[in-house]
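Please consult the sequence and the structure shown here alongside the text.

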Amino acid sequence: MVSLILSTLLEGWRRRCPRCGGSDLFASTFELRDACPGCGLVTRREEGAWTGQMYLSAAVTQIVAVVVMLVVFFTTDWPLWVSLSVMLPIVIAFCYWSLPRFMSTWVAVEYLTDRANQEPWID
Ligand SMILES: [Zn+2]
């Protein structure tokens with residue numbers, strides 16, 4: 001059971017469908033398809049379903065930003081403007097890289113919860 005959960009979340013993190021694992025869920029970098037082209041799993045089932053993804057993305061990004069800030073402040077003696085010039089691009093690049101992954105990971109979370117609740121549209 002744990003390995004199923006982890007492998008499903010990993011498929012989401014890899015931007016793939018949590019059900020079939022074989023298809024890219026994105027039409028472009030930030031445009032999630034409405035359904036998986038391989039198996040038809042609907043990715044946007046209801047309004048407000050993205051609230052969890054937004055909280056997940058915001059929480060992890062804030063943790064990364066704090067870690068980057070602590071590393072820069074405690075390992076360098078750079079002036080503030082240099083520190084910000086280094087930290088901001090790192091955090092922005094992390095956001096750009098991770099946002100689609102959080103979106104598809106949230107599709108995997110919804111898939112797992114719907115599967116656990118034995119929703120009729122899952123299989
Ligand atoms: Zn699929």
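## Secondary structure

The chain holds three helices and zero strands, where helices (H or I, at least four residues) and strands (E, at least two) are DSSP runs numbered from the N terminus. Read from the N terminus, the order of elements is α-α-α.

The model is predicted: local features require pLDDT of at least 70 and side-chain atom pairs count only at pLDDT 80 or more, whereas totals for chains, interfaces and linings use all residues. Residue numbering starts from 1 along each chain as its sequence is written.

## Dimensions and burial

The radius of gyration of the chain is 18 Å, while a compact globule of 123 residues would have one near 14 Å; the radius is taken over C-alpha atoms, and the globule rule is 2.2 Å times the number of residues to the power 0.38. Along the principal axes, the C-alpha atoms fill a box of roughly 60 × 30 × 25 Å.

Of the 123 residues, 16% count as buried (20 or more other C-beta atoms within 10 Å of the residue's own, with C-beta atoms placed from the backbone).

## Packing of H1 and H3

Helix H1 (residues 2–13) packs with helix H3 (residues 80–116) at an angle of about 145°, and their axes are 7 Å apart. Axes are lines fitted to C-alpha atoms, for helices over the stretch in contact, and angles run from 0 to 180 degrees between N-to-C directions.

The contact (C-beta atoms, placed from the backbone, within 7 Å) involves Ile5, Leu9 and Trp13, among others, of H1, and residues including Val107, Ala108 and Leu112 of H3.

Conventions
Buried ≥ 20, exposed ≤ 12 C-beta atoms within 10 Å, placed from the backbone. Contact = placed C-beta atoms within 7 Å.
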